[in-house]
Amino acid sequence: ALMVTADELPTVFSDVTPVPQDDGPNPVCQIAYKEDFVKAYDYMRAILKLDEKSERALRLTALCLKWNPANYTIWHYRRLCLHQVGLSQERLQQDLDLAAVLGGVNPKNYQIWYHRRALLESIIEDGHEAAQKELRYIASVFEDDAKNYHAWSHRQWILKTVNKEELWKAEIEYVCKLIFEDIRNNSAWNQRWFVAHRGKREALSQEAAQEEANYALEQAQSDPYNESPWRYLIGVVKEQPSLVESCEVKAVEMKDVLAKAGRDAEACASLNSARIDLLEMKGNQDSLQQAIQLADAMASNHDLVRRKYWALRVSELEKKREGSNQ
């Protein structure tokens with residue numbers, strides 16, 4: 001068994017004296033732990049004191065983590081035990097399965113994700129199959145919560161560590177699927193940026209930037225009110241300013257999409273915010289004046305809740321216009 005039960009503790013650890021929790025002489029507010037929780041951790045403190053790293057200690061850590069999956073000290077000690085008794089491929093998989101079971105009701109528990117990473121570090125770089133299997137597991141977690149930060153972070157670590165073009169291309173397809181299912185999934189948009197850049201802090205090539213800009217505009221056309229594709233577009237254009245002219249033209253054309261839907265394009269904050277940024281990047285007197293007019297209209301008529309923000313943008317743009325005129 002991978003986990004000792006509370007009833008088995010006195011037998012399995014017959015040579016060990018449990019160490020009770022020391023709350024001091026006058027505890028103010030004692031926590032009412034369950035009896036089995038107290039028993040498990042009393043034996044765990046004794047094992048920690050003895051510094052015993054054995055099979056039975058490993059089974060005890062599993063019980064303690066069942067009661068408290070967020071206990072970093074126990075996770076760390078479990079890894080020490082694993083390395084002491086021998087971390088075979090079978091045992092590694094068993095521990096990944098255990099972490100998955102414990103993570104099922106604690107999907108945002110950082111300690112569980114870190115444990116998975118620590119286990120995989122020794123095999124993931126050369127283990128293409130292991131990487132794909134872990135990516136499939138993370139995808140199953142996203143089915144319940146597509147915006148789990150720790151899961152996304154773990155996924156990025158795998159892709160960047162393995163760094164195989166086959167995985168990068170497959171990830172682009174996976175992210176497209178997530179965005180198709182939920183175009184407002186900011187986490188998926190962030191992942192697309194990460195994958196498009198192959199996890200590096202380097203600007204995209206002209207060709208790659210054009211492809212990403214086209215994708216963002218295509219998604220913006222599906223929902224011009226969605227801020228995600230517009231912000232993605234602005235990020236791409238900032239890396240390749242040569243795209244600003246064509247993207248600004250296409251952004252203007254998006255007004256027709258809203259008009260056909262019976263919506264007022266002048267009141268679409270996401271569209272106009274992107275247009276203002278693109279006009280600002282063009283940087284000439286005419287474009288800056290257009291940007292000022294758009295921002296002023298948002299502040300005065302269309303987005304009164306954020307009028308102070310738009311007023312700030314007007315002020316910034318006017319200063320830039322004055323600077324460019326000198």
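Modeller: A charge sits over a ring if NZ of Lys or CZ of Arg is within 6 Å of the ring centre and within 35 degrees of the ring normal. This is a predicted model, in which local features need pLDDT of at least 70 and side-chain atom pairs count only at pLDDT 80 or more, while totals for chains, interfaces and linings use all residues. Residues are numbered from 1 along each chain as its sequence is written, and side-chain values use heavy atoms, with hydrogens and water left out.

Colleague: Which residue has its charged end over the ring of Tyr137?

Modeller: Tyr215 has Arg192 over its face, at 3.6 Å from the ring centre. Over the ring of Tyr137, 3.9 Å from its centre, sits the charged end of Arg116.

Colleague: How are the rings of Trp113 and Tyr137 arranged: stacked, edge-to-face or tilted?

Modeller: Rings of Phe, Tyr and Trp (its six-membered ring) pair if their centres lie within 6.5 Å; planes under 30 degrees apart are stacked, over 60 edge-to-face, and the rest tilted. By this rule there are 12 aromatic pairs. The centres of Trp113 and Tyr137 are 6.0 Å apart and their planes meet at 45°, so the pair is tilted.

Colleague: How many residues apart in sequence are the parts that this pair, Trp113 and Tyr137, ties together?

Modeller: Helices are DSSP runs (H or I, at least four residues), numbered from the N terminus. Trp113 lies in helix H6 (residues 110-120) and Tyr137 in helix H7 (residues 128-142), so the parts tied together are apart in sequence by 24 residues.

Colleague: Which helices hold Phe142 and Trp152?

Modeller: These two rings form a stacked pair, with 4.1 Å between the centres and 25° between the planes. Phe142 and Trp152 tie together parts 10 residues apart in sequence, because they lie in H7 and H8.

Colleague: How many of the 14 residues of H14 are buried?

Modeller: The buried residues of H14 pack against H12, H13, helix H15 (285-302) and helix H16 (307-325). Ala269, Asn272 and Glu280 are among those buried. H14 is mostly covered, and its buried residues number 12.

Colleague: How many residues are in the largest nonpolar core?

Modeller: A nonpolar core is a set of buried Ala, Val, Leu, Ile, Met, Phe, Trp, Tyr and Cys residues joined through side-chain atoms within 4.5 Å. In the largest one, Leu60 and Trp230 are among the residues with the most contacts inside it. Apart from it lies another core of 13 residues, Met298 and Leu317 among them. The residue count of the largest core is 83.

Note on methods:
Buried < 20%, exposed > 50% of the residue type's maximum accessible area, 1.4 Å probe, protein only. Helix = DSSP H or I, 4+ residues; strand = E, 2+ residues; numbered from the N terminus. Contact = heavy atoms within 4.5 Å.
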